Amino acid sequence: MNTLTQTLSPLGEGVILGIESSCDETSAAVLRNGELASVVVSSQFFHERFGGVVPELASRAHVRAILPIVREALTQAGTGLDALEAIAVTYAPGLMGSLLVGLNFAKGLSLGLGVPLIGVHHIEAHIFSALLEQDKPQVPFVALVVSGGHTMLLLVKDVGSYQLLGETLDDAAGEAFDKVGKMLGLAYPAGPEIDRLAKSGNPHFVEFPRGMLNEANYNFSFSGIKTSVLHWLKKNPPSSERAEGWGVVQSDIAASFQRAVVDVLVTKTVRAAEEYEIADIVCAGGVSANSELRERFRTECARRGMHFFVPRPLFSTDNAAMIAMLGALKLERGIVNDLSITARPRMALGSGTD
Ligand code: KG4
Ligand code: ZN
């Protein structure tokens, strides 16, 4: 493919408030003239004891958090409500009750202030989260989105113009991290802890399967590796007398599991960029906070003269800065919504702006 590259960062003037509440993070951010002026993220850690997000508790916590979080973001940005030019908010996909809290709050603000409302697709916002950093990718780029609910490989041509190259056929990458973490006795979400444990573990302790690595497509599968970890642990059950030994096994399994997942994600993404002759690769979504994944992408891209872009860990996981960023890009293109926009728990990428 021989395409002109283009810089995407928003040039428009004005102050945009971004709001995110699709899962278990309540977040607000202010973008001023394309630059981030503030971002506040409040995570609902209490889900840990349930081993996963409890939807009803999540939406109640969003109700309690949303007003103070938005106030804090405005205060940190040194701006008042009257300065806002538009409100960008996640409306899909996510937990229905959680989405409704942010969306209805944003609708109220938009109506009260008489400023445009911009509905943002959460995964689409992850794709452009790399634009929050100084070093920005140019379109077209290849994007790997790896979160708790999604694993997608995309060719991104412009805002709203995406070609899906492949996706997971079963578990999302983050889901695999969380499930394997649960098997290892780690708290939810286990991704960050597996990342930490893997640093002191042996990545060759067990050679777990690299699902679909050699298939001639860009799809992924993580259920096989999850089952392999389960079988290994059943065959080698931890003995409570050897608590210290269990710590070493935890690290070795974490390192071996992580190595296998990183191998597949990086190899298939780089292969896609080579096939489509794309120089810029973006990795986004919660799993892109993983240190080995970042490191390996950097090495493999440098080796091929490609450029790798990943947001800082705070912007890899759920946050409103990326919502404000995509809101600014959409506003610049005249894409705004009216108050009839509804929350959508499921919504394919690029299937319209509601
Ligand atoms: O994007 P995100 O914050 O929320 C969703 O939209 O799903 O992603 C959350 C996922 C969780 O599965 C979590 O375990 C994973 O991202 N995660 C990580 C790391 N930090 C978060 N996975 C691997 N390594 C990390 N450092
Ligand atoms: Zn997310």
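1. The side of domain 1 that touches domain 2 receives at least two residues from each of strand 1 (6-7), helix 3 (122-127) and helix 10 (321-332). Helix 3 gives the largest share of that side, 4 residues. Helices (H or I, at least four residues) and strands (E, at least two) are DSSP runs, numbered from the N terminus.

2. The model is predicted: local features need pLDDT of at least 70, side-chain atom pairs count only at pLDDT 80 or more, and totals for chains, interfaces and linings use all residues. Residues are numbered from 1 along each chain as its sequence is written, and side-chain values use heavy atoms, with hydrogens and water left out.

3. Domain 1 covers 4-128 + 315-332 and domain 2 covers 137-310, the bounds coming from an automatic or database domain assignment. Taken over C-alpha atoms, the centres of the two domains are 27 Å apart.

4. In the interface, 21 residues of domain 1 are in contact (heavy atoms within 4.5 Å) with 26 residues of domain 2. About 1,800 Å² is buried between the domains, and carbon and sulfur atoms give 67% of this area. Ile123, Ile127 and Ser316 supply 32% of the area that domain 1 buries against domain 2, more than any other three residues. Buried area is the accessible area (1.4 Å probe) that two parts lose on being put together, summed over both.

5. The count of salt bridges between domain 1 and domain 2 is 0, whereas the structure holds 17. A salt bridge is a side-chain nitrogen of Lys or Arg within 4 Å of a carboxyl oxygen of Asp or Glu. One of them joins Arg259 and Glu292, with the closest N and O atoms 2.6 Å apart. Arg259 lies in helix 7 (residues 243-275) and Glu292 in helix 8 (residues 291-304), so this pair, 33 residues apart, links distant parts of the chain.

6. The whole structure contains 6 aromatic pairs, meaning rings of Phe, Tyr and Trp (its six-membered ring) with centres within 6.5 Å. The rings of Phe128 and Phe141 form an edge-to-face pair (planes over 60 degrees apart), because their planes are at 80°, with centres 6.2 Å apart.

Key
Chains lettered and ligands numbered in written order. Phe/Tyr/Trp six-rings, centres within 6.5 Å; stacked < 30°, edge-to-face > 60°.
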